[in-house]
Amino acid sequence: MNSPDTSNHLPETVFAGGSEMAALMRSRDWSQSPLGPVDTWPQSLKTGIRIILDSRYPMFIWWGASLINFYNDAYISVLGKRHPQALGESAREIWSELWHSVGPFADDVLNHGIPSWNEEFLEIMERNGYREETYFTFSYSPIGTDDGEIGGIFCACTEDTHRVLDKRRLRTLRELGTETVHTKAVTEACQMAAAVLGNNPKDIPFALIYLLDRDRQRAHLASAAQLAMGTPASPLQIILGDSASEGWLLDRVVTSKERCIIENLIERWGFLPGGAWDESPHRAIALPLFRPGQEILGVLIAGISPYRTLDDDYQGFFDLIAGQVTLAIANTLAYEEERQRADALAKLNRAKTTFFNNISHEFRTPLTLLLGPVADALADLDAPLPPRQQQRLELIERNGWRLLKLVNALLDFSRLESDRIQAAYEPTDLATFTTELASVFRSAIERAGLRLTVNCPPLPEPVYVDREMWEKIVLNLLSNAFKFTFEGEITVTLRWVATTPPTIELAVQDTGIGIPKAEIPHLFKRFHRVKGAKGRSFEGSGIGLSLVQEFAKLHGGTVRASSTEGEGSCLIVSIPSGCAHLPPERIGVACTLASTALGAAPYVEEALQWLGEPAASISSASPSSYRILLVDDNADMRDYLQRLLSERWQVETAADGAIALNCIQQALPDLVLTDVMMPGIDGFQLLNILRADPLTQGIPVILLSARAGEEATIEGLVAGANDYLIKPFSARELIARVETQLQMSRLRQERSANRFKDEFLLTLTHELQAPLANVLAWVRLLQTQTLDATKTARALATIERNAIVEAQLVKDLLDVSSILSGQYKLQLQPLDLVQLTQEVIDRWRHPAQNKGIQLVETLHKPVSVLADRDRLKQVMSHLLSNAIKFTPKGGRVEIELEVYAFEVELHVRDTGIGIHPGFLPYAFDRFTQAEVPSRHSPGGVGIGLAIAHLLVELHHGTIEVASEGEGLGSIFTVRLPSIDPM
């Protein structure tokens, strides 16, 4: 009979495998243990051991009444320092500090066979030399013996410590962000942050938030969590540098802006709250509250759990908390600063409103005393005024009413700002009232060449309105439409809209310049003006449409605008019918405030002044030869200044900068006197244009402006003005300044004329000497000797050639003199530029061939320009002559025309000697020539390119030269405005 197989009972078989624990179990002499030799163990125990050794999941077996411990490699980390001694030891001894919590579960399994399941079970275990907060999910299950009894416990476990900590800390950070986002004060933000931190006592046993004062010498306790405020460890105020500051290392944190770990808390402060734990923290962390690039706001002090090490995750958690607290404080500081700014602006706004209200009232009294006597004087039939005095008083009356209209607008504005406006609503036949108001504008509109259409049919019932406010709504809308409409018509429509409730719509539509789409949302804002808008006048306070909107709101209505730029605009005021929407106490009552209504007359009178006199006019009553160009968009101001100045000088007027430029192009004035604020091209833009043009850069310019102060004056002078005169000014001051600038201009011209005369004589002497010497030499030779026919012909040819040079020199000098003096006028006509260019090329083709130079032209489709035929040919001739002169034999000269949408370019390229980069800026100066790297000078007085430059500018074109350097050729480019192709 065969002996039984005992191989399955050998340790090598039970503890098979290459794991650390299998080797350890094999090396153990189990016969000396309470379990005895391995071959005597129950099969269930041996099977269980093989299961755990083959698994990578943390598992252990506690066997027998002594709970002998078996475990696998994955469980080693759970044991920590208890490994490897824990193998074969009693679980009660291994986990003595935990047995009060896990022992009952083990007893239930061994004694009653009741399994257990525990998820994220908290265990404070000491496995790495310190007590540690850990979390495990595990189950205890019974293991039977061979005879069916319970022999031991099987456990599979998972450590959840990191997952539990991460979830808990993430919840804290999330709450910190959501709870502090709505705080409005720094103290509130700190208290809310402390409350959130107090909700996590396991990670944060206690917390203190200290904020620094402005001088950064003291720290004030803003809030605390788990620790009462005002204790020795939490003083309400810490002076940096004292013992409390040293205790929390505040100085070091504030100075370095880096976190610090505070050790030995018990020795420093005694026992401190442990939060969720029954042990005082031993360490704390102090973190600076600051954002990169900004000053530190304070310090966050947080206790470190006595049951966790300060690893990277824990430290990162504290850094994120500090960042969240900093953000909350910074946001509330920004909110407080914004609120303070808003309060300051509101206070300033109230002061401004009060000022406007007071000053408006103060203005009305002297204006009444001004307008009353003026009206009496103009209406006095018993002592009629002389015509000249009557004109002056009419000017005063017109502008007095205009000033009163502006004062009343400011008074309305201040009443609206301070909620002191009083409406008096009464039932009104709104169709008739609106028709009457609109019709008052008819004469001014028709005088401007426009049509006025009023379509206001009767309404079903009277409409409750404040008549003064409605009057201002209609007149402001009509005035605005007239100001920006130059042709077409203005239509006023009033209609009943059958909505619920019914509404009344007033629409004022025009065919004016329109409103840019981006400007429409800002149209009704106070003081807003559309930049660059072309209007009949630049004047205005910018509150007219704003008042329209405010008055509409007081009627429970709205105002809106629609517009197509370049086609026109439509402004619509909509108000509800009936009176249910209006304050009952303001219906059918009289207003107790002073009225600001002036009627339609001031609006119409102002509109008529926008029409004024012709856009440009000339007054030549004075015998003086000086001519002044006066530019102002205000008709009264133009008329007044023209009468004042024309007693001494010739005066030409222009209503805006564009008209002024046209006048200057026709004839250069001796002085320009211009207002700064004008529609279209304003005074500064006009000044810049004049200073950029060589022909006009020397004209004296005096700026007139209502902007007072040294800054405004400096701005005008820096821009290039000769003088800056602030309104209001006296007649004597204006005349004195104009006289001074005219005299200074005359002196400058005399000095310039003398300098030009010296340059002219020097150059003329030099250039005339050589050809005259040749002529005289051959003349003497002819007079003293008898020459044969060949020599005689040579003599005559030389004399003729030098005479031609002299004649051309004289012609060029006369051209320069004529252009610079402003005496020459271009004879402009439409020209075919391709044909004209071909004529000039044909003229110079023979001289080029004689010199062995190839002349190549590239002329594209026909193009027309508005030019003086002879002068434009002269420009091209100078450029071709210059190119041929400086291009050596065998070279090449190219002429090319390029046509663009509104411009044509003429290019003259050569392969000649080129131009040194240092000479390029002076190529078009008079009497200048570049150094020529040859023994013989090319000759000339150096005015050919200067003439070309001046003539091109007279044609409103440009000319420029480019060259890569000496010996690399040159290219001249002329740009001229083109007209429709021929």
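## Phe-60 and its strand

Phe-60 is buried in this predicted model, with 3% relative accessibility. Here, buried means under 20% relative accessible area, exposed means over 50%, and partly exposed is in between (1.4 Å probe, protein chains only). Phe-60 lies in strand E1, residues 59-63, and five of the five residues of E1 are buried. Met-59, Ile-61 and Trp-63 point one way from the strand, while Phe-60 and Trp-62 point the other way. Strand and helix names come from DSSP runs numbered from the N terminus (helices are H or I with at least four residues, strands are E with at least two).

Strands count as paired if DSSP finds at least two bridges between them. E1 pairs with strand E5 (residues 150-159) in the antiparallel sense over five bridges, and Phe-60 stands opposite Cys-155 there. Four bridges also join E1 to strand E2 (residues 68-71), again antiparallel, with Phe-60 opposite Tyr-71. E1 and E2 make a hairpin with four residues between them, and Gly-64 in the turn has a positive phi of about 75°.

## A group of rings

A pair of aromatic rings is described by the distance of the centres and the angle of the planes. Rings of Phe, Tyr and Trp (its six-membered ring) pair if their centres lie within 6.5 Å; planes under 30 degrees apart are stacked, over 60 edge-to-face, and the rest tilted. That rule gives 19 aromatic pairs. One of them is Phe-60 with Tyr-140, edge-to-face at 6.4 Å centre to centre and 75° between the planes. Tyr-140 sits in strand E4 (residues 131-144), so this pair ties together parts that are 80 residues apart in sequence. Tyr-140 is buried as well, at 3% relative accessibility.

Tyr-71 and Tyr-75 are another pair: their ring centres are 6.1 Å apart and their planes at 55°, so they count as tilted. Tyr-71 is buried with a relative accessible area of 0%, and Tyr-75 is buried at 5%.

## Charges over rings

Which residue lies over the face of Tyr-335? Lys-184 does, at 4.8 Å from the ring centre. Arg-467 lies over the face of Phe-433, at 4.0 Å from the ring centre. The rule here is that NZ of Lys or CZ of Arg is within 6 Å of the ring centre and within 35 degrees of the ring normal.

## The antiparallel sheet

Strands of a sheet pair through backbone hydrogen bonds, either parallel or antiparallel. Six strands form an open antiparallel sheet in the order E8-E7-E6-E11-E10-E9. Its edges are E8 (237-239) and E9 (260-262), each pairing on one side only. Neighbouring strands are turned by 25° against each other on average, direction ignored.

Within this sheet, E10 (residues 284-289) and E11 (residues 298-303) pair over six bridges, with Ile-285 partnered by Ala-302. Helix H8 (residues 186-198) packs on the sheet, touching E6 (207-212), E7 (218-225) and E11, and its direction makes about 45° with that of E7. Contact means heavy atoms within 4.5 Å. Axes are lines fitted to C-alpha atoms (for helices, over the stretch in contact), and angles run from 0 to 180 degrees between N-to-C directions.

## The mixed sheet

An open sheet of five strands runs E13-E15-E16-E18-E17, with mixed pairing. E13 (451-455) and E17 (558-564) are the edge strands, and the twist averages 15° from one strand to the next. E13 and E15 (residues 489-497) are parallel over five bridges, and Thr-453 has Thr-491 as its bridge partner in E15. Helix H14 (residues 430-439) touches E13, E15 and E16, with its direction at about 170° to that of E15. Helix H17 touches E17 and E18 (568-576), at about 25° to the direction of E18.

Lys-525 lies in the loop between E16 (503-510) and H17 (544-554). Lys-525 is partly exposed, with a relative accessible area of 43%.

pLDDT is the predictor's confidence in each residue, from 0 to 100. The mean for the protein is 82, and 83% of its residues reach 70 or more. pLDDT stays under 50 over residues 1-7, which have one contact beyond four places in sequence, and over residues 932-941, which have 14 such contacts. Where pLDDT is low, the predicted coordinates should not be read in detail.

Residues are numbered from 1 along each chain as its sequence is written, and side-chain values use heavy atoms, with hydrogens and water left out. As this is a predicted model, local features need pLDDT of at least 70 and side-chain atom pairs count only at pLDDT 80 or more, while totals for chains, interfaces and linings use all residues.
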